[in-house]
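Hi,

Here is the structure I promised to pass on.

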Amino acid sequence: MLTKTERVVICGAGPVGLVTALALCRAGVPVTIVEADATVCGDLRAVAYHPPSLDMLEDIGFLEPLSEIGYPQRYVRFSDRLLGEDVQLDMEVLARRYRNPVSLLAGQQWFTQVGYQLLLQEDCEFLFDHRVLDATQTDDEVVLTVFENGAQKEIRAPWVLGCDGASSAIRRSQSIEFEGYTWPERFLMIDCKTDLSVRYGTNFMADGPDWKLTIRIPYGPGPDDWVQRLVSGIHPDLSDEDALRPELAQSRLKALMPSESDHPIVSTRIYKVHQRVAKTFRYGRILLAGDAAHINNPMGGQGLNSGIHDAFNLAPKLAGVWRGETGTEPLDLYDRQRRITNWEFIQRVSVENKMRNEETDIAKRRAAITYLKSLVDDDDARFAFFMRWSMGDSLDYAADITLDHPAEAPRHAMPA
Ligand SMILES: Cc1cc2nc3c(=O)[nH]c(=O)nc-3n(C[C@H](O)[C@H](O)[C@H](O)COP(=O)(O)OP(=O)(O)OC[C@H]3O[C@@H](n4cnc5c(N)ncnc54)[C@H](O)[C@@H]3O)c2cc1C
């Protein structure tokens, strides 16, 4: 069976596919979303949306419903348990630049629900239970091979966006390399119903290999719908099976919040941790965005935020092409701006965040916390710190990239 559509087809109803679809619809471009699952992605992974992203989301009416359950987080806490040092940094200094100078905490499944509800009011068609198997292209169109209801069919479209996550079938179909590396250690995510934030808040706890991060995540719809997340590392020698033992999760929780009885654990998951960027974000009539284009370790919450930035960079450029106002060069510019910026900022900063928490050298740890403490009363230095942290610098850098910029991005190797 063959369907020919005069619409942009987006593969993946995850947060990036949905927000890209909304930005395209608002620019007058009709969209079809092809999603393997029965509904939009319900994963509770991303948590924090940073000030530049919030301003973008506000412009398309996304921020108000997201804020219904979201918690505006003004302070980020860093501590060093061995040194007994603790500092809380006020992000509101970003009001110099952004309308929303806080990070909004809201579970990713609420984000996708908001996107879905907004898209139901737009010229957006959803094809659920449609798994993309392959894509081929000619000068005029892309042909998707899709599995639906036990059978294969073809969907033809003038432009296809791969927003289908880290294992992207679209990226693989074009043999686009996913350059970078995977860390030997994995991350353990324990979500529970004990409110550890009473004592620790959203806190990056440096402690060598015993580093931790805690964060309280509202995911809606009700006030009781939240989890407390504890993130910590898993030594490369520990098997997945042993890392998932309930006793291990309980001991990590009790080390933070002593308790005679067990903490009520909601889920315990393991994530592999990668730093990877696709070799190109544009291949003919196929474009990549979000995790299909780049992935990074989650320390500092930059993955989905950078996917949101992809969406807002790509949508106006593709809309111009769609309306016949421009040639396709802006799509090459999208590739260059977002890909090079990902290597130069998102990959670098997420590695810095990871290394700061894991540092074992006491002198370096003392220097790191001393530096962070020096920011408390220095508004200019704190502004500079949060511009990098919340990805404002990365957007400024991307905006300055033109087609004259070298197409090759510098790659980074895994730190020794
Ligand atoms: C533990 C953890 C915490 C994180 N915290 C943060 C954070 O605080 N802030 C932040 O910015 N980022 C964070 N991230 C990263 C963030 O979760 C991802 O960047 C984000 O989910 C990427 O969205 P996406 O839409 O690109 O891909 P996904 O969320 O992976 O969605 C992809 C969609 O495509 C669909 N799909 C896949 N294959 C096919 C196919 N063949 N055919 C059709 N559909 C398909 C999937 O079903 C899914 O719906 C975190 C990640 C992890 C693991």
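Of the contacts between residues at least 6 apart in sequence, 74% join residues at least 24 apart; two residues are in contact if their C-beta atoms, placed from the backbone, lie within 7 Å. Before you read on: this is a predicted model, where local features need pLDDT of at least 70, side-chain atom pairs count only at pLDDT 80 or more, and totals for chains, interfaces and linings use all residues. Residue numbers start from 1 along each chain as its sequence is written.

On the overall build, the radius of gyration is 21 Å, which agrees with the value near 22 Å that a compact globule of 416 residues would have (taken over C-alpha atoms, with the globule rule being 2.2 Å times the number of residues to the power 0.38). The C-alpha trace spans about 60 × 45 × 40 Å along its principal axes. Of the 416 residues, 48% count as buried, meaning that 20 or more other C-beta atoms lie within 10 Å of their own; exposed means 12 or fewer, partly exposed is in between, and C-beta atoms are placed from the backbone. There are 13 helices and 21 strands, which are DSSP runs numbered from the N terminus (helices H or I, at least four residues; strands E, at least two).

Now the strands. β14 (residues 178–192) and β18 (residues 265–278) pair in the antiparallel sense over 12 bridges; two strands count as paired if DSSP finds at least two bridges between them. Asp191 stands opposite Ser267 in β18. β18 also pairs with β21 (residues 294–295), antiparallel over 2 bridges, and there Val277 has His294 as its bridge partner.

Gly180 is buried, with 20 other C-beta atoms within 10 Å. Beyond its neighbours within four places in sequence, Gly180 is in contact with His274, Gln275, Arg276 and Val277. By contrast, the C-alpha atoms of Gly180 and Pro246 are separated by 33 Å, at 66 residues apart along the chain.

Elsewhere, 3 strands form an open antiparallel sheet in the order β4-β8-β5. β4 (48–49) and β5 (71–73) are the edge strands, each with a single partner, so one side of each has no neighbour in the sheet. β4 pairs with β8 (residues 103–105) over 2 bridges, and Ala48 has Leu105 as its bridge partner in β8.

Which residues of helix α8 (residues 246–256) are buried? Ala249, Leu253 and Leu256 are, and they lie on the same side of α8 because they cover an arc of only 55° around the axis (the arc of the directions from the helix axis to the C-beta atoms). The exposed residues Glu247 and Ser251 sit on the face of α8 turned away from that buried side.

Last, the ligand. 34 residues surround the ligand, the closest being Gly12, Gly14, Gly165, Gly290 and Gly303; a residue is near a molecule if its C-beta atom, placed from the backbone, lies within 6 Å of it. Two or more residues of this shell come from each of α1 (15–26), β10 (130–137) and α9 (303–322), with α9 giving the largest share, 4 residues. The shell divides into 17 nonpolar, 11 polar and 6 charged residues, where Ala, Val, Leu, Ile, Met, Phe, Trp, Tyr, Cys and Pro count as nonpolar, Asp, Glu, Lys and Arg as charged, and the others, Gly among them, as polar.

Cheers
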